[in-house]
Amino acid sequence: MIPPYDRVIMISGANRGIGLAVTELLIEHGYRVSLGARDVDTLDALKIAAKPDQVACFTYDAFDLDLAKAWVAGTARKFGRIDGLINNAGISKPSFNIEEEDATILDLMISVNIKGPLRLIRLALPHLIKSGSGRVVNVSSLSGKRVKNSNFGYAMTKFSVVALTHAVRRHGWDYGVRATSICPGYVQTDMTAKASAVAGSDMIQPQDLAVLIETALSLPNNAAVAEMLVNCRFEDQF
Ligand SMILES: NC(=O)c1ccc[n+]([C@@H]2O[C@H](COP(=O)([O-])OP(=O)(O)OC[C@H]3O[C@@H](n4cnc5c(N)ncnc54)[C@H](OP(=O)(O)O)[C@@H]3O)[C@@H](O)[C@H]2O)c1
């Protein structure tokens, strides 16, 4: 595998939470990063911290196919290669209820959590294959492994993300593409700011997840990890 400093990694939702933490770590470790965010101005601080030509910023909204195309094409044009894709952007809308007929909220989660990552993978795949050691890291959740609360619409999407990851593993294996699902429990970000089940300081810290994501990116082709389950509290299944 080529050394990290030469590798080019795309990260969705790079502006805050887990996406921001992994972006900061990758910049610190010398990766070149292509960052996607709905408001590209929110990425300005990251550019300041990086070396010249280490960071490229693109507008990415999971609902917009043209933006996804422009991001992938713009990344390949700027850096001449794409070695990894971190599908991090995601939403949780616990208000969706199994008894509801209106699936509007579920559709929103499907668009951002499943269709967005699928589209980026499809567009980036030729570049990842060309890399010879392409990596896809999909941020799923422990909610993608079990249904523990009433937020089941979110869980449906995160189960799908795990399935998508396995599909990429099958499809890309012979070309050196490896895919990993990161499945954390509670992480202390804006998404869990109102959660009461676990105190914020007892949640997984985004910086610790960033280390695991970088590990998935940097392991060689013959040491692939399909799923990383990450707990902040004991669960007897995982
Ligand atoms: N926090 C947890 O406990 C936890 C646990 C397991 C898994 N996860 C997963 O981890 C990932 C990151 O979550 P987080 O905790 O870091 O949450 P967060 O702080 O709420 O950040 C969510 C990110 O997703 C982006 N995003 C939302 N809707 C988008 C859209 N339509 N198009 C493009 N980007 C969009 C946000 O952009 P804006 O800033 O523009 O809104 C933001 O960058 C998600 O996939 C989440 O499901 C989180």
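This is a predicted model: local features need pLDDT of at least 70, side-chain atom pairs count only at pLDDT 80 or more; totals for chains, interfaces and linings use all residues.
I'll start with a check on a helix. Helix α1 covers residues 17-28, which makes twelve residues, and at 1.5 Å a residue they should span 16 Å.

Staying with α1, its buried residues are Gly17, Ile18, Gly19, Leu20, Ala21, Val22, Thr23 and Leu26. What covers them? The cover includes the strands β1, β2 (32-37), β4 and β5, together with the helices α2 (44-49) and α6 (206-218). After α1 comes Gly30, with a positive phi near 90°.

Next, the ligand. There are 29 residues around the ligand, and the ones that come nearest are Gly13, Gly17, Ala89, Gly90 and Thr189. Which element gives the most to this shell? That is α1, with three residues. Sorted by class, the shell has 13 nonpolar, eleven polar and five charged residues.

Now the sheet. Seven strands make up an open sheet, the pairing is parallel, and the order reads β3-β2-β1-β4-β5-β6-β7. At the edges stand β3 (55-59) and β7 (227-230); each has a single partner strand, so one side of each is left without a neighbour in the sheet. From one strand to the next, the twist averages 15°.

Two of the pairings in some detail. Strand β5, residues 135-139, pairs with strand β6, residues 178-184, in the parallel sense over five bridges. Within that pairing, Val139 has Ile182 of β6 as its bridge partner. Helix α4, residues 104-131, packs on the sheet and touches β1 (8-12), β4 (84-87) and β5. The direction of α4 makes about 170° with that of β4.

The other pairing is β1 with β2, again parallel, over five bridges. Here Met10 stands opposite Ser34 in β2. Is β1 buried or exposed? Five of its five residues are buried, so β1 is largely enclosed by the rest of the structure. In a regular strand the side chains alternate between the two faces of the sheet. In β1, Val8, Met10 and Ser12 point one way, while Ile9 and Ile11 point the other way, and all are buried.

One is Ile114, which sits in helix α4. Ile114 has 22 C-beta neighbours inside 10 Å, and the cut-off for buried is 20 or more, so Ile114 counts as buried. Leaving out residues up to four places away in sequence, Ile114 touches Thr157, Ser160, Val161 and Leu164.

Why does Ser92 count as buried? It has 20 other C-beta atoms within 10 Å, and 20 or more is what the term requires, so Ser92 is buried. With residues up to four places away in sequence not counted, Ser92 touches Asn151, Tyr154 and Met191.

Conventions: Residues are numbered from 1 along each chain as its sequence is written. Two strands pair if DSSP finds at least two bridges between them. Helices (H or I, at least four residues) and strands (E, at least two) are DSSP runs, numbered from the N terminus. Axes are lines fitted to C-alpha atoms, for helices over the stretch in contact, and angles run from 0 to 180 degrees between N-to-C directions. Two residues are in contact if their C-beta atoms, placed from the backbone, lie within 7 Å. The expected span of a helix is 1.5 Å times one less than its number of residues. A residue is buried if 20 or more other C-beta atoms lie within 10 Å of its own, exposed if 12 or fewer, and partly exposed in between; C-beta atoms are placed from the backbone. A residue is near a molecule or strand if its C-beta atom, placed from the backbone, lies within 6 Å of it. Ala, Val, Leu, Ile, Met, Phe, Trp, Tyr, Cys and Pro count as nonpolar, Asp, Glu, Lys and Arg as charged, and the others, Gly among them, as polar.
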